[in-house]
Amino acid sequence: MKFNIAVIPGDGIGPEVIEQAKKALNAVADVYDHTFLYKEALMGACAIDKTGNPLPDKTLTLCKQSDAILFGAIGDPKYDNDPTAKVRPEQGLLRLRKELGLFSNLRPVKAYDKLIKNSPLKEEVIKGTDIAIYRELTGGVYFGIKELSDDGKIAFDGCSYSEEEIERVAHLAFKASQTRRKKLTLVDKANVLETSRLWRKTVTNLATQYPDVKLEFLFVDNAAMQLILNPKQFDVILTENLFGDIISDEASVIGGSIGLLASASIGKENALFEPIHGSFPQAKGKDIANPLASILSAAMLLEHLGLHEEAQTIEKAVEKSLELGITTEDINSEKAFSTSKVGDFIADYIQHQEDSNLN
Ligand code: IPM
Ligand code: MN
């Protein structure tokens, strides 16, 4: 089959890790006889440098027309350290999410057996952890009214949610729990926030449509603690935009490296796949960044296109690289492979699975 894939390498290590994801996709195309037509576009700091706009119109149009979007990373320290900057790389990604209506962000968190010792958490605490975090992605404080007083001394960020915004992502989270261990935990701050109380009410009402799913509630401060104390208690976590951003980075510690966490951002018409790590500017161009999150994002992209076996083939190749220790320095600093070597291994393994199995 033929698919149009919009590719946005972005900033920092984005282009390097995206290149490895494309190697994996090309290997899949070869083995399963698909055609992936890639079209590259600018977004983020690189887009500001070239066009003055973090999300050029051309990029937005290309993304709208694509079957799926593969995205690297965004951000540059020259903007992080300048609080007065009016145009920022992150605005590109946030606007893209909003314009495409990518309201549901799935971030799977798994403790790979081979990497258990990489986590600072105890083996008995994390072994067997398998969590799907559903983060609402186009609402909340990220997209609320923002104000700064004329004297620059008072700042305001508004947070709002509508029932409809909550329902559409909650449906996806409920459906996901039905195919998993049938437990859904809503993470909120309903003891303080009005928006959180609406989340509880709305999700409680929806639960009647999913009687086989056990619904639980946790305040976000407690959830942050429980994630480290006893992560195995979680199956699917559903939460709003800002809480999801924070707890998914926290949860990445369970997997041993943030360089492993992939994500899928899904809307009605479009879908975008990206690693959850940032642009890691210190590593840019050094060929040391972990490409596995980006490669696993490509697997999620295939899954979204209905190519299940193809997606599993990539996942298997990633597991093999972990098993054989063909990994970057964040995973094993004593015996580190380069970004491109890891990408080559994955692509090669996909192409010659049987031979590789003999190794
Ligand atoms: C993420 C990132 C983004 C977010 C930034 C880059 C705007 O941290 O995807 O988690 O906060 O959503
Ligand atoms: Mn984040």
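A crossing is left-handed if the near helix is turned anticlockwise from the far one by less than a right angle, and right-handed if clockwise. The structure is a predicted model, in which local features need pLDDT of at least 70 and side-chain atom pairs count only at pLDDT 80 or more, while totals for chains, interfaces and linings use all residues. Residues are numbered from 1 along each chain as its sequence is written, chains are lettered from A and ligands numbered from 1 in the order in which they are written, and side-chain values use heavy atoms, with hydrogens and water left out.

**Exercise 1.** Describe how helix H7 and helix H8 cross.

Solution. Helices (H or I, at least four residues) are DSSP runs numbered from the N terminus. Axes are lines fitted to C-alpha atoms over the stretch in contact, and angles run from 0 to 180 degrees between N-to-C directions.

Step 1. The axes of H7 (residues 163-178) and H8 (residues 194-207) come within 10 Å and cross at roughly 50 degrees.

Step 2. Angles under 35 degrees count as roughly parallel, over 145 as roughly antiparallel, 65 to 115 as roughly perpendicular and the rest as oblique. H7 and H8 are therefore oblique to each other.

Step 3. H7 and H8 form a right-handed crossing.

Step 4. Contact means heavy atoms within 4.5 Å. Glu163, Ile166, Glu167, Val169, Ala170, His171 and Phe174 of H7 meet Leu198, Trp199, Thr202, Val203, Leu206 and Ala207 of H8.

Step 5. Ala, Val, Leu, Ile, Met, Phe, Trp, Tyr, Cys and Pro count as nonpolar, Asp, Glu, Lys and Arg as charged, and the others, Gly among them, as polar. The contact of H7 with H8 has 9 nonpolar, 2 polar and 2 charged residues.

**Exercise 2.** Characterise the packing of H11 against H12.

Solution. Step 1. H11 (residues 292-304) and H12 (residues 308-324) pack at about 160 degrees, their axes being 7 Å apart. This angle makes H11 roughly antiparallel to H12.

Step 2. The crossing of H11 past H12 is left-handed.

Step 3. Residues of H11 in the contact include Leu292, Ile295 and Leu302, and those of H12 include Ile314, Val318 and Leu322. By class, this contact of H11 with H12 comprises 10 nonpolar, 2 polar and 3 charged residues.

**Exercise 3.** Describe the meeting of domain 1 and domain 2.

Solution. Step 1. The bounds come from an automatic or database domain assignment, which gives domain 1 (1-103 + 267-359) and domain 2 (107-257).

Step 2. The C-alpha centres of domain 1 and domain 2 are separated by 24 Å.

Step 3. In the contact, 15 residues of domain 1 touch 19 residues of domain 2.

Step 4. Buried area is the accessible area (1.4 Å probe) that two parts lose on being put together, summed over both. Domain 1 and domain 2 bury about 1600 Å² between them, with 66% of it on carbon and sulfur atoms. On the domain 1 side, Arg97, Phe103 and Ile276 lose the most area to domain 2, together 41% of what that side buries.

Note on methods:
Helix = DSSP H or I, 4+ residues; strand = E, 2+ residues; numbered from the N terminus.
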